[in-house]
Amino acid sequence: MTPAAPMVSVLIPAYRQAEFIEETVRSAARQTYRPLEIVVADDGSDDGTLEVAQRVADEHPDLVRVLGPNANQGLAVNFNRALEAARGELIAWLGGDDLMAPQKVARQVDVLRRRPDAAGCCHDAEVFD
């Protein structure tokens, strides 16, 4: 019998990323891996980041949660706030202006399942404008 697939929480700490946050959240929502949750934690943005993220969350209420509003406290505090809200057994973090390839989470979970001695894994990044 194959053990149940572990829940993965994709954490997206964001600050002043209204221009990018919709595409970021949608890239996480397109993951082929399930079970998955996406937690967007806004750090007191004043540019509409929170509203854009909430609009995408409203389209995917069983997948995306948005934490906010919050007074700006910096990346570490905001990331920890997202981490405290996470329900997953595994954590994947994603910058508020970054994208995930559709099979990123599935491939990383596969590596971690094959290597129970591993505490985490990483990958190359592709930089583009």
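1. A salt bridge is taken here as a side-chain nitrogen of Lys or Arg within 4 Å of a carboxyl oxygen of Asp or Glu. The structure is a predicted model, and by this rule it holds eight salt bridges.

2. One of these salt bridges joins the side chains of R16 and D46, at 3.0 Å from N to O. R16 sits in the loop between β1 and α1, and D46 in the loop between β2 and α2, so the pair ties together parts that lie 30 residues apart in sequence. The two partners fall in separate accessibility classes: R16 is partly exposed, at 46% relative accessible area, while D46, at 58%, counts as exposed.

3. E59 and R26 also meet through their side chains in a salt bridge, with an N to O distance of 2.8 Å. This pair links distant parts of the chain, since E59 belongs to helix α2 and R26 to helix α1, 33 residues apart. Both are partly exposed: E59 has a relative accessible area of 42%, and R26 has 22%.

4. A further salt bridge, 2.8 Å from N to O, is formed by the side chains of R115 and D117. R115 is partly exposed at 44% relative accessible area, whereas D117 is exposed at 57%. Elsewhere, salt bridges with shared partners join E22, R26, R55 and E59 into one network.

5. The largest nonpolar core comprises 25 residues, and V10, I12, I21, I38, V40, V64 and V105 have the most contacts inside it. At least two core residues come from each of β1 (8-14), α1 (18-29), β2 (36-42), α2 (49-59), β3 (64-67) and α4 (104-114). Helix α2 gives the most, with five residues.

6. V10 illustrates the packing. Leaving out residues up to four places away in sequence, V10 touches A28, L36, E37, I38, V39, A92, L94, M100 and V105.

7. The largest pocket contains about 1,200 Å³ of space. Its lining is made up of 33 residues, and L99, M100, K104, H123 and D124 are those nearest the pocket centre. M100 is also among the residues touched by V10.

8. Which element gives the most to the lining of the largest pocket? Helix α4 does, with seven residues. At least two lining residues come from each of α1, β4 (90-93) and α4. By residue type, the lining of this pocket divides into 20 nonpolar, six polar and seven charged residues.

Key
Residues are numbered from 1 along each chain as its sequence is written. This is a predicted model: local features need pLDDT of at least 70, side-chain atom pairs count only at pLDDT 80 or more; totals for chains, interfaces and linings use all residues. Side-chain values use heavy atoms; hydrogens and water are left out. A nonpolar core is a set of buried Ala, Val, Leu, Ile, Met, Phe, Trp, Tyr and Cys residues joined through side-chain atoms within 4.5 Å. Buried means under 20% relative accessible area, exposed over 50%, partly exposed in between (1.4 Å probe, protein chains only). Helices (H or I, at least four residues) and strands (E, at least two) are DSSP runs, numbered from the N terminus. Contact means heavy atoms within 4.5 Å. On a 1 Å grid over the protein atoms alone, a cavity is a set of points where a 1.4 Å probe fits but cannot get out, and a pocket is an open set with protein on both sides within 12 Å along at least five of seven lines; lining residues have an atom within 4 Å of a point. Grid points are joined across faces, edges and corners, and a volume is the space filled by probe spheres set on the points. Ala, Val, Leu, Ile, Met, Phe, Trp, Tyr, Cys and Pro count as nonpolar, Asp, Glu, Lys and Arg as charged, and the others, Gly among them, as polar.
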